[in-house]
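Student: Can we go through this one together?
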Amino acid sequence: MTASCFKIHPKDNVATLLDDAPPGIVTTRGSDDSVILTEAIALGHKVALCDIAADGPIIKFGVPIGTASQTIQRGDWVHLHNCRSNFDARSATLDLHSGTTTDMRYD
Amino acid sequence: MTNLPTWSGYLRPDGRKGIRNIVLVIYTVECASHVAQAIAQGENDVHVIGFPGCYDNQYAIRLILSLARHPNVGAVLAVGLGCEYTQAAKIADVARQSGRPAEWLLIQDTGGTRTSIERGKQIVTTLRRQIFRETPRVPMGLADLTVGCECGGSDGTSGLVGNPVVGAFFDRLVDAGGTAIFEEIVEMIGLKEIMLERAASANAREQLEAAYDKAVRYCQQVRQYSVSPGNFAGGLTTIEEKSMGAIAKSGSRPIQGVIKVGQQPPWPGLWVMDSVPDDHFMMFGYTNPNDTEGLMDLISGGSQLVLLVTGRGSVIGSAVAPLVKVTGNSQTFARMSEDMDFDAGRVLSGLLTLDQAADELGDLIASTAAGTPSKPEALGHREYFVMYKHQDAPSTEQGCRK
(Lines give C-alpha, C1' and ligand atoms only; values in the text may rest on other atoms or scores of the structure.)
Protein backbone atom coordinates (compact mmCIF):
# COMPACT_ATOMS: atom_id res chain seq x y z
CA MET A 1 0.00 0.00 0.00
CA THR A 2 1.35 3.42 -0.94
CA ALA A 3 1.56 5.84 1.96
CA SER A 4 -0.48 9.01 1.71
CA CYS A 5 -0.36 12.59 2.86
CA PHE A 6 -3.01 15.27 3.34
CA LYS A 7 -2.93 18.81 1.96
CA ILE A 8 -5.34 20.86 4.06
CA HIS A 9 -5.68 24.08 2.04
CA PRO A 10 -5.16 24.77 -1.67
CA LYS A 11 -2.52 27.40 -0.85
CA ASP A 12 -0.44 25.01 1.29
CA ASN A 13 3.15 24.24 0.28
CA VAL A 14 3.38 21.35 2.78
CA ALA A 15 1.22 18.26 3.44
CA THR A 16 0.86 16.10 6.57
CA LEU A 17 1.82 12.41 6.39
CA LEU A 18 -1.06 10.06 7.24
CA ASP A 19 1.29 7.05 7.58
CA ASP A 20 4.90 6.45 8.49
CA ALA A 21 6.52 6.54 5.04
CA PRO A 22 9.94 5.44 3.69
CA PRO A 23 11.67 7.46 0.93
CA GLY A 24 9.71 7.19 -2.32
CA ILE A 25 6.31 8.05 -3.67
CA VAL A 26 3.35 9.07 -1.53
CA THR A 27 -0.10 9.98 -2.81
CA THR A 28 -1.87 13.18 -1.80
CA ARG A 29 -5.31 12.58 -0.30
CA GLY A 30 -8.01 14.50 -2.10
CA SER A 31 -6.07 15.14 -5.32
CA ASP A 32 -4.29 13.31 -8.13
CA ASP A 33 -0.93 14.71 -7.09
CA SER A 34 1.83 12.65 -5.63
CA VAL A 35 5.20 13.58 -4.21
CA ILE A 36 8.47 11.66 -3.93
CA LEU A 37 9.88 11.75 -0.41
CA THR A 38 13.63 12.40 -0.33
CA GLU A 39 13.83 10.83 3.15
CA ALA A 40 11.64 8.83 5.56
CA ILE A 41 8.89 10.94 7.16
CA ALA A 42 6.74 9.89 10.11
CA LEU A 43 2.96 10.10 10.57
CA GLY A 44 1.92 13.64 11.49
CA HIS A 45 5.06 15.23 10.06
CA LYS A 46 5.20 17.46 6.99
CA VAL A 47 6.55 17.07 3.46
CA ALA A 48 7.32 19.98 1.13
CA LEU A 49 5.03 19.91 -1.92
CA CYS A 50 7.25 22.30 -3.92
CA ASP A 51 10.68 23.88 -3.70
CA ILE A 52 10.71 26.61 -1.03
CA ALA A 53 13.37 29.33 -1.02
CA ALA A 54 15.22 30.25 2.17
CA ASP A 55 13.25 32.89 4.09
CA GLY A 56 10.07 31.92 2.22
CA PRO A 57 6.85 31.21 4.15
CA ILE A 58 5.79 27.67 5.08
CA ILE A 59 2.05 27.56 4.41
CA LYS A 60 -0.30 25.07 6.13
CA PHE A 61 -4.04 25.53 6.82
CA GLY A 62 -3.69 28.34 4.24
CA VAL A 63 -1.67 30.51 6.65
CA PRO A 64 2.05 30.97 7.35
CA ILE A 65 3.10 28.64 10.15
CA GLY A 66 6.80 29.58 9.97
CA THR A 67 9.67 30.59 7.71
CA ALA A 68 12.13 28.41 5.80
CA SER A 69 15.50 28.73 7.52
CA GLN A 70 17.24 27.19 4.49
CA THR A 71 16.36 26.13 0.96
CA ILE A 72 13.85 23.26 0.99
CA GLN A 73 13.39 20.86 -1.96
CA ARG A 74 10.10 19.29 -2.98
CA GLY A 75 9.82 15.98 -1.09
CA ASP A 76 11.92 17.10 1.89
CA TRP A 77 10.88 16.64 5.49
CA VAL A 78 9.90 20.09 6.84
CA HIS A 79 10.63 20.44 10.54
CA LEU A 80 12.79 22.21 13.13
CA HIS A 81 15.98 21.95 11.04
CA ASN A 82 14.61 23.95 8.10
CA CYS A 83 11.56 25.83 9.39
CA ARG A 84 11.64 28.44 12.15
CA SER A 85 8.77 29.99 14.10
CA ASN A 86 8.06 33.68 13.59
CA PHE A 87 7.43 33.95 17.33
CA ASP A 88 9.28 31.27 19.26
CA ALA A 89 13.05 31.62 18.74
CA ARG A 90 13.87 28.77 21.12
CA SER A 91 12.21 26.10 18.96
CA ALA A 92 15.06 26.35 16.41
CA THR A 93 17.45 25.07 19.13
CA LEU A 94 15.50 21.90 19.98
CA ASP A 95 16.63 18.37 19.26
CA LEU A 96 15.33 17.59 15.77
CA HIS A 97 13.97 14.11 16.52
CA SER A 98 12.85 14.21 20.16
CA GLY A 99 11.91 17.92 20.37
CA THR A 100 13.64 18.15 23.74
CA THR A 101 15.50 21.28 24.78
CA THR A 102 19.25 21.50 24.38
CA ASP A 103 19.79 24.59 26.58
CA MET A 104 18.60 23.21 29.95
CA ARG A 105 21.32 22.00 32.32
CA TYR A 106 20.77 18.69 34.13
CA ASP A 107 24.06 18.73 36.05
CA MET B 1 -27.17 13.05 16.95
CA THR B 2 -30.04 13.55 14.52
CA ASN B 3 -32.53 13.94 17.39
CA LEU B 4 -31.39 16.25 20.17
CA PRO B 5 -30.62 14.03 23.15
CA THR B 6 -32.17 14.46 26.60
CA TRP B 7 -31.39 12.82 29.92
CA SER B 8 -32.09 13.21 33.62
CA GLY B 9 -29.93 15.70 35.58
CA TYR B 10 -29.62 17.10 39.12
CA LEU B 11 -31.21 20.48 39.83
CA ARG B 12 -29.20 22.86 42.03
CA PRO B 13 -30.68 25.72 44.07
CA ASP B 14 -29.18 28.31 41.66
CA GLY B 15 -31.10 26.72 38.77
CA ARG B 16 -28.09 25.12 37.12
CA LYS B 17 -28.21 21.43 36.36
CA GLY B 18 -25.53 18.84 37.09
CA ILE B 19 -24.80 15.52 35.37
CA ARG B 20 -23.27 14.01 38.53
CA ASN B 21 -24.21 14.32 42.19
CA ILE B 22 -20.97 14.23 44.15
CA VAL B 23 -19.69 15.16 47.58
CA LEU B 24 -16.57 17.31 47.19
CA VAL B 25 -13.87 17.12 49.86
CA ILE B 26 -11.68 20.24 49.76
CA TYR B 27 -8.41 20.48 51.67
CA THR B 28 -6.89 23.89 52.32
CA VAL B 29 -3.22 23.05 52.76
CA GLU B 30 -0.92 20.17 51.78
CA CYS B 31 -0.66 19.17 55.46
CA ALA B 32 -4.34 18.14 55.32
CA SER B 33 -4.14 16.26 52.01
CA HIS B 34 -3.51 12.77 53.41
CA VAL B 35 -6.54 12.98 55.67
CA ALA B 36 -8.70 14.39 52.87
CA GLN B 37 -7.65 11.64 50.43
CA ALA B 38 -8.24 8.96 53.07
CA ILE B 39 -11.72 10.31 53.78
CA ALA B 40 -12.66 9.86 50.12
CA GLN B 41 -10.85 6.52 49.72
CA GLY B 42 -13.29 3.74 48.85
CA GLU B 43 -16.32 6.08 48.85
CA ASN B 44 -18.55 6.28 45.78
CA ASP B 45 -19.21 9.72 44.34
CA VAL B 46 -16.78 11.49 46.66
CA HIS B 47 -14.07 13.53 44.93
CA VAL B 48 -11.12 15.46 46.39
CA ILE B 49 -9.55 18.76 45.41
CA GLY B 50 -7.22 21.03 47.32
CA PHE B 51 -4.18 23.21 47.12
CA PRO B 52 -0.67 22.91 48.40
CA GLY B 53 0.37 25.98 50.25
CA CYS B 54 -0.11 27.80 53.46
CA TYR B 55 -0.59 30.83 51.23
CA ASP B 56 -3.55 33.09 50.55
CA ASN B 57 -3.98 33.55 46.82
CA GLN B 58 -7.19 35.15 45.56
CA TYR B 59 -7.02 33.36 42.23
CA ALA B 60 -6.75 29.92 43.86
CA ILE B 61 -9.55 30.66 46.33
CA ARG B 62 -11.82 31.87 43.53
CA LEU B 63 -11.08 28.67 41.63
CA ILE B 64 -11.80 26.45 44.65
CA LEU B 65 -15.06 28.27 45.41
CA SER B 66 -16.24 27.94 41.81
CA LEU B 67 -15.72 24.18 42.14
CA ALA B 68 -17.50 24.06 45.53
CA ARG B 69 -20.52 25.61 43.74
CA HIS B 70 -20.17 23.57 40.57
CA PRO B 71 -23.40 22.07 39.16
CA ASN B 72 -22.06 18.51 39.55
CA VAL B 73 -21.38 19.09 43.26
CA GLY B 74 -24.20 18.33 45.70
CA ALA B 75 -22.40 18.82 49.00
CA VAL B 76 -19.03 19.95 50.38
CA LEU B 77 -16.71 18.96 53.21
CA ALA B 78 -13.79 21.36 53.78
CA VAL B 79 -10.82 19.89 55.64
CA GLY B 80 -8.15 22.13 57.14
CA LEU B 81 -5.18 21.47 59.38
CA GLY B 82 -6.02 24.50 61.52
CA CYS B 83 -3.14 26.95 61.31
CA GLU B 84 -3.10 27.79 57.59
CA TYR B 85 -4.23 31.00 55.89
CA THR B 86 -7.11 29.56 53.87
CA GLN B 87 -10.23 29.08 56.00
CA ALA B 88 -12.14 25.80 55.73
CA ALA B 89 -15.13 27.34 57.57
CA LYS B 90 -15.45 30.11 55.00
CA ILE B 91 -15.41 27.61 52.13
CA ALA B 92 -18.22 25.65 53.82
CA ASP B 93 -20.14 28.92 54.37
CA VAL B 94 -19.98 29.82 50.69
CA ALA B 95 -21.20 26.34 49.72
CA ARG B 96 -24.09 26.64 52.22
CA GLN B 97 -25.03 30.06 50.88
CA SER B 98 -25.36 28.41 47.47
CA GLY B 99 -27.95 26.06 48.98
CA ARG B 100 -25.66 23.05 49.31
CA PRO B 101 -25.25 21.08 52.52
CA ALA B 102 -21.68 21.69 53.69
CA GLU B 103 -19.49 20.91 56.70
CA TRP B 104 -15.93 21.63 57.73
CA LEU B 105 -13.42 20.18 60.15
CA LEU B 106 -10.00 21.19 61.41
CA ILE B 107 -7.64 18.31 62.06
CA GLN B 108 -5.89 20.00 64.99
CA ASP B 109 -9.25 20.35 66.80
CA THR B 110 -10.60 16.93 65.85
CA GLY B 111 -7.64 14.78 66.87
CA GLY B 112 -5.01 12.96 64.85
CA THR B 113 -5.01 11.27 61.47
CA ARG B 114 -7.26 8.31 62.32
CA THR B 115 -9.78 10.34 64.35
CA SER B 116 -10.08 12.97 61.62
CA ILE B 117 -10.52 10.36 58.88
CA GLU B 118 -13.27 8.62 60.88
CA ARG B 119 -15.04 11.92 61.55
CA GLY B 120 -14.70 12.91 57.88
CA LYS B 121 -16.12 9.60 56.68
CA GLN B 122 -19.13 10.02 58.98
CA ILE B 123 -19.76 13.51 57.59
CA VAL B 124 -19.37 12.36 53.99
CA THR B 125 -21.80 9.47 54.52
CA THR B 126 -24.41 11.82 55.97
CA LEU B 127 -23.95 14.39 53.19
CA ARG B 128 -24.16 11.75 50.48
CA ARG B 129 -27.38 10.29 51.92
CA GLN B 130 -28.85 13.77 52.13
CA ILE B 131 -28.12 14.78 48.54
CA PHE B 132 -29.12 11.36 47.24
CA ARG B 133 -32.49 11.78 48.96
CA GLU B 134 -33.14 15.47 48.41
CA THR B 135 -31.66 16.52 45.05
CA PRO B 136 -34.48 16.97 42.50
CA ARG B 137 -34.05 15.12 39.20
CA VAL B 138 -34.95 17.16 36.13
CA PRO B 139 -34.91 16.66 32.38
CA MET B 140 -31.76 18.03 30.79
CA GLY B 141 -30.53 18.57 27.25
CA LEU B 142 -27.76 20.23 25.28
CA ALA B 143 -29.12 23.71 26.10
CA ASP B 144 -28.37 23.01 29.79
CA LEU B 145 -24.87 21.78 29.08
CA THR B 146 -21.55 23.58 29.25
CA VAL B 147 -18.69 21.62 27.68
CA GLY B 148 -15.05 22.66 27.93
CA CYS B 149 -12.29 21.49 25.61
CA GLU B 150 -8.56 21.65 25.55
CA CYS B 151 -5.93 19.69 23.71
CA GLY B 152 -2.89 18.04 25.24
CA GLY B 153 -0.19 15.80 23.84
CA SER B 154 -1.05 17.09 20.37
CA ASP B 155 0.47 15.69 17.19
CA GLY B 156 -0.03 16.25 13.48
CA THR B 157 -3.43 14.49 13.58
CA SER B 158 -4.88 16.77 16.27
CA GLY B 159 -5.26 19.71 13.93
CA LEU B 160 -6.34 17.48 11.02
CA VAL B 161 -9.21 15.62 12.69
CA GLY B 162 -9.11 15.46 16.53
CA ASN B 163 -9.80 19.15 17.05
CA PRO B 164 -12.01 19.64 13.95
CA VAL B 165 -14.37 16.86 15.11
CA VAL B 166 -14.72 18.59 18.49
CA GLY B 167 -15.20 21.89 16.64
CA ALA B 168 -18.05 20.38 14.62
CA PHE B 169 -19.61 19.10 17.86
CA PHE B 170 -19.20 22.57 19.44
CA ASP B 171 -21.14 24.06 16.49
CA ARG B 172 -23.97 21.60 17.20
CA LEU B 173 -23.87 22.37 20.93
CA VAL B 174 -23.98 26.14 20.39
CA ASP B 175 -26.77 25.82 17.79
CA ALA B 176 -28.79 23.80 20.34
CA GLY B 177 -28.52 26.66 22.86
CA GLY B 178 -25.67 25.20 24.90
CA THR B 179 -22.37 26.67 25.99
CA ALA B 180 -18.88 25.78 24.78
CA ILE B 181 -15.64 26.96 26.38
CA PHE B 182 -12.18 26.55 24.89
CA GLU B 183 -8.89 27.37 26.46
CA GLU B 184 -5.32 28.18 25.75
CA ILE B 185 -5.00 31.71 24.45
CA VAL B 186 -1.26 30.93 24.40
CA GLU B 187 -2.22 28.56 21.58
CA MET B 188 -3.69 31.31 19.46
CA ILE B 189 -0.29 32.85 18.92
CA GLY B 190 0.23 33.70 15.29
CA LEU B 191 -3.52 33.88 14.62
CA LYS B 192 -4.51 37.27 15.94
CA GLU B 193 -6.50 38.45 12.90
CA ILE B 194 -8.21 35.08 12.47
CA MET B 195 -9.39 35.22 16.11
CA LEU B 196 -10.51 38.84 16.00
CA GLU B 197 -12.61 38.18 12.90
CA ARG B 198 -14.65 35.67 14.88
CA ALA B 199 -15.70 38.10 17.63
CA ALA B 200 -19.48 38.29 18.07
CA SER B 201 -19.36 42.00 19.03
CA ALA B 202 -17.03 44.99 19.31
CA ASN B 203 -16.80 44.26 23.02
CA ALA B 204 -15.78 40.66 22.41
CA ARG B 205 -13.22 41.81 19.84
CA GLU B 206 -11.67 44.18 22.36
CA GLN B 207 -11.49 41.40 24.98
CA LEU B 208 -9.92 38.97 22.50
CA GLU B 209 -7.32 41.50 21.40
CA ALA B 210 -6.35 42.33 25.00
CA ALA B 211 -6.13 38.64 25.93
CA TYR B 212 -4.09 37.81 22.81
CA ASP B 213 -1.60 40.65 23.35
CA LYS B 214 -1.20 39.63 27.01
CA ALA B 215 -0.50 36.00 26.01
CA VAL B 216 2.25 37.12 23.59
CA ARG B 217 3.85 39.28 26.31
CA TYR B 218 3.66 36.35 28.71
CA CYS B 219 5.37 33.88 26.34
CA GLN B 220 8.08 36.44 25.56
CA GLN B 221 8.70 37.01 29.27
CA VAL B 222 8.89 33.36 30.31
CA ARG B 223 10.66 32.41 27.04
CA GLN B 224 8.46 29.39 26.61
CA TYR B 225 5.64 28.91 24.15
CA SER B 226 2.91 26.36 24.56
CA VAL B 227 4.57 23.56 22.61
CA SER B 228 6.15 20.51 24.23
CA PRO B 229 8.81 18.03 23.09
CA GLY B 230 6.07 15.49 22.30
CA ASN B 231 4.34 18.00 20.00
CA PHE B 232 7.57 18.50 18.04
CA ALA B 233 8.26 14.76 17.93
CA GLY B 234 4.69 14.29 16.65
CA GLY B 235 5.38 16.53 13.67
CA LEU B 236 4.39 20.01 14.86
CA THR B 237 7.21 22.40 14.04
CA THR B 238 6.10 25.82 15.32
CA ILE B 239 3.66 27.38 17.77
CA GLU B 240 1.85 28.93 14.81
CA GLU B 241 1.22 25.46 13.38
CA LYS B 242 0.06 24.13 16.74
CA SER B 243 -2.19 27.18 17.15
CA MET B 244 -3.95 26.57 13.82
CA GLY B 245 -4.67 23.01 14.89
CA ALA B 246 -5.68 24.04 18.41
CA ILE B 247 -8.13 26.68 17.23
CA ALA B 248 -9.98 24.09 15.14
CA LYS B 249 -11.53 22.76 18.35
CA SER B 250 -13.52 25.98 18.70
CA GLY B 251 -15.64 25.20 15.64
CA SER B 252 -16.95 28.04 13.52
CA ARG B 253 -19.48 29.97 15.61
CA PRO B 254 -18.89 33.58 16.77
CA ILE B 255 -16.92 34.07 20.00
CA GLN B 256 -19.08 35.77 22.65
CA GLY B 257 -16.19 36.99 24.78
CA VAL B 258 -13.37 36.11 27.15
CA ILE B 259 -13.89 34.72 30.66
CA LYS B 260 -11.26 34.29 33.31
CA VAL B 261 -10.65 31.26 35.53
CA GLY B 262 -13.48 30.72 38.04
CA GLN B 263 -15.98 32.73 36.00
CA GLN B 264 -19.03 31.32 34.25
CA PRO B 265 -20.06 32.50 30.81
CA PRO B 266 -22.83 35.07 31.40
CA TRP B 267 -24.85 33.73 28.46
CA PRO B 268 -24.73 30.65 26.18
CA GLY B 269 -22.63 30.33 23.05
CA LEU B 270 -18.92 29.95 22.41
CA TRP B 271 -16.47 31.47 24.93
CA VAL B 272 -12.70 31.66 25.33
CA MET B 273 -11.14 31.16 28.76
CA ASP B 274 -8.08 33.23 29.66
CA SER B 275 -5.77 31.46 32.13
CA VAL B 276 -2.72 33.69 31.57
CA PRO B 277 -1.49 35.60 34.66
CA ASP B 278 -2.25 39.32 34.53
CA ASP B 279 0.50 41.81 33.70
CA HIS B 280 1.00 43.21 37.18
CA PHE B 281 2.32 39.87 38.45
CA MET B 282 2.98 37.98 35.25
CA MET B 283 6.08 36.06 36.31
CA PHE B 284 4.25 34.53 39.27
CA GLY B 285 2.61 31.22 38.41
CA TYR B 286 2.33 29.48 35.08
CA THR B 287 -0.22 29.58 32.32
CA ASN B 288 -0.38 25.92 31.34
CA PRO B 289 1.83 23.87 33.65
CA ASN B 290 0.00 20.67 32.60
CA ASP B 291 -3.25 19.41 31.04
CA THR B 292 -4.94 18.85 34.40
CA GLU B 293 -4.63 22.52 35.29
CA GLY B 294 -6.34 23.48 32.04
CA LEU B 295 -9.16 21.03 32.65
CA MET B 296 -9.72 22.41 36.17
CA ASP B 297 -9.92 25.90 34.65
CA LEU B 298 -12.59 24.76 32.19
CA ILE B 299 -14.51 23.02 34.99
CA SER B 300 -14.30 26.18 37.11
CA GLY B 301 -16.19 27.92 34.28
CA GLY B 302 -19.13 25.59 34.93
CA SER B 303 -18.35 22.83 32.41
CA GLN B 304 -20.28 19.76 33.54
CA LEU B 305 -18.19 17.68 31.12
CA VAL B 306 -14.75 18.26 29.61
CA LEU B 307 -13.00 17.02 26.47
CA LEU B 308 -9.29 16.43 25.97
CA VAL B 309 -8.05 16.02 22.42
CA THR B 310 -4.77 14.13 22.40
CA GLY B 311 -2.92 12.76 19.40
CA ARG B 312 -0.03 11.33 21.42
CA GLY B 313 -2.25 9.78 24.11
CA SER B 314 -2.99 10.60 27.72
CA VAL B 315 -3.90 8.79 30.93
CA ILE B 316 -5.50 11.56 32.96
CA GLY B 317 -9.05 12.08 34.17
CA SER B 318 -10.56 14.87 36.21
CA ALA B 319 -12.27 15.53 39.51
CA VAL B 320 -15.73 17.17 39.62
CA ALA B 321 -16.59 16.76 35.91
CA PRO B 322 -16.12 13.64 33.75
CA LEU B 323 -13.43 13.77 31.08
CA VAL B 324 -13.96 12.31 27.59
CA LYS B 325 -10.71 11.73 25.69
CA VAL B 326 -10.64 12.11 21.90
CA THR B 327 -7.73 11.18 19.65
CA GLY B 328 -7.26 11.86 15.95
CA ASN B 329 -4.56 9.19 15.81
CA SER B 330 -5.95 5.68 15.26
CA GLN B 331 -2.57 4.16 16.18
CA THR B 332 -2.80 5.88 19.56
CA PHE B 333 -6.40 4.73 19.97
CA ALA B 334 -5.43 1.12 19.25
CA ARG B 335 -2.44 1.25 21.60
CA MET B 336 -4.27 3.05 24.44
CA SER B 337 -7.88 2.00 23.91
CA GLU B 338 -8.27 1.34 27.64
CA ASP B 339 -7.99 5.11 28.16
CA MET B 340 -9.22 6.69 24.92
CA ASP B 341 -12.97 7.27 24.57
CA PHE B 342 -13.22 8.32 20.92
CA ASP B 343 -11.24 7.55 17.74
CA ALA B 344 -11.60 10.54 15.41
CA GLY B 345 -8.78 9.06 13.30
CA ARG B 346 -11.46 7.07 11.48
CA VAL B 347 -12.13 10.26 9.52
CA LEU B 348 -8.55 10.18 8.18
CA SER B 349 -8.89 6.55 7.13
CA GLY B 350 -12.17 7.33 5.36
CA LEU B 351 -14.41 5.21 7.64
CA LEU B 352 -16.47 8.24 8.74
CA THR B 353 -17.08 11.76 7.52
CA LEU B 354 -16.28 14.65 9.84
CA ASP B 355 -20.01 15.26 10.36
CA GLN B 356 -20.71 11.62 11.16
CA ALA B 357 -17.85 11.67 13.68
CA ALA B 358 -19.21 14.84 15.31
CA ASP B 359 -22.67 13.23 15.61
CA GLU B 360 -21.17 10.10 17.11
CA LEU B 361 -19.15 12.19 19.57
CA GLY B 362 -22.35 14.05 20.47
CA ASP B 363 -24.07 10.74 21.23
CA LEU B 364 -21.13 9.66 23.41
CA ILE B 365 -21.27 12.97 25.30
CA ALA B 366 -25.02 12.64 25.83
CA SER B 367 -24.64 9.10 27.14
CA THR B 368 -21.84 10.22 29.47
CA ALA B 369 -24.03 13.11 30.65
CA ALA B 370 -26.80 10.59 31.31
CA GLY B 371 -24.52 8.72 33.71
CA THR B 372 -22.46 6.20 31.73
CA PRO B 373 -18.92 6.56 33.07
CA SER B 374 -16.31 7.81 30.62
CA LYS B 375 -13.17 5.67 30.39
CA PRO B 376 -11.07 7.86 32.72
CA GLU B 377 -13.97 7.96 35.16
CA ALA B 378 -14.38 4.17 35.13
CA LEU B 379 -10.63 3.77 35.68
CA GLY B 380 -10.90 5.91 38.82
CA HIS B 381 -9.03 8.94 37.53
CA ARG B 382 -9.89 12.04 39.58
CA GLU B 383 -6.91 14.33 38.92
CA TYR B 384 -6.94 17.96 39.97
CA PHE B 385 -4.34 20.72 40.04
CA VAL B 386 -4.73 24.18 41.50
CA MET B 387 -2.11 26.71 40.44
CA TYR B 388 -1.27 29.89 42.27
CA LYS B 389 -1.19 32.95 40.03
CA HIS B 390 -2.59 36.46 39.88
CA GLN B 391 -5.62 37.30 37.78
CA ASP B 392 -8.17 40.04 38.30
CA ALA B 393 -11.74 38.97 37.75
CA PRO B 394 -13.99 41.89 36.80
CA SER B 395 -17.77 41.56 36.98
CA THR B 396 -19.36 39.25 34.46
CA GLU B 397 -22.59 41.24 34.38
CA GLN B 398 -21.80 43.07 31.15
CA GLY B 399 -20.05 40.06 29.67
CA CYS B 400 -16.97 42.26 29.92
CA ARG B 401 -13.61 41.02 31.08
CA LYS B 402 -10.74 43.21 30.07
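Tutor: The talk below covers a hairpin, the chain interface and the domains.
Tutor: This is a predicted model, where local features need pLDDT of at least 70, side-chain atom pairs count only at pLDDT 80 or more, and totals for chains, interfaces and linings use all residues. Residues are numbered from 1 along each chain as its sequence is written, while chains are lettered from A and ligands numbered from 1 in the order in which they are written.
Student: Which residues of chain B's domains are in domain 1, and which in domain 2?
Tutor: Domain 1 of chain B is 22-134 and domain 2 is 141-378, with bounds from an automatic or database domain assignment. Their centres, taken over C-alpha atoms, are separated by 29 Å.
Student: How many residues of domain 1 of chain B are in contact with domain 2 of chain B?
Tutor: 13 residues of domain 1 of chain B, with ten residues of domain 2 of chain B; contact means C-beta atoms, placed from the backbone, within 7 Å.
Student: Which element gives the largest share of that domain 1 side?
Tutor: H2(B), with five residues. Helices (H or I, at least four residues) and strands (E, at least two) are DSSP runs, numbered from the N terminus.
Student: And how many residues of chain B are in contact with chain A?
Tutor: 24 residues of chain B, against 29 residues of chain A. The largest share of the chain B side, five residues, comes from H9(B).
Student: New topic: how do E6(A) and E7(A) run?
Tutor: Antiparallel, joined by four bridges; strands pair if DSSP finds at least two bridges between them. Pro57(A) has Thr67(A) as its bridge partner.
Student: Which residue of that hairpin takes a positive phi?
Tutor: Phe61(A), near 60 degrees.

Technical notes
Contact = placed C-beta atoms within 7 Å.
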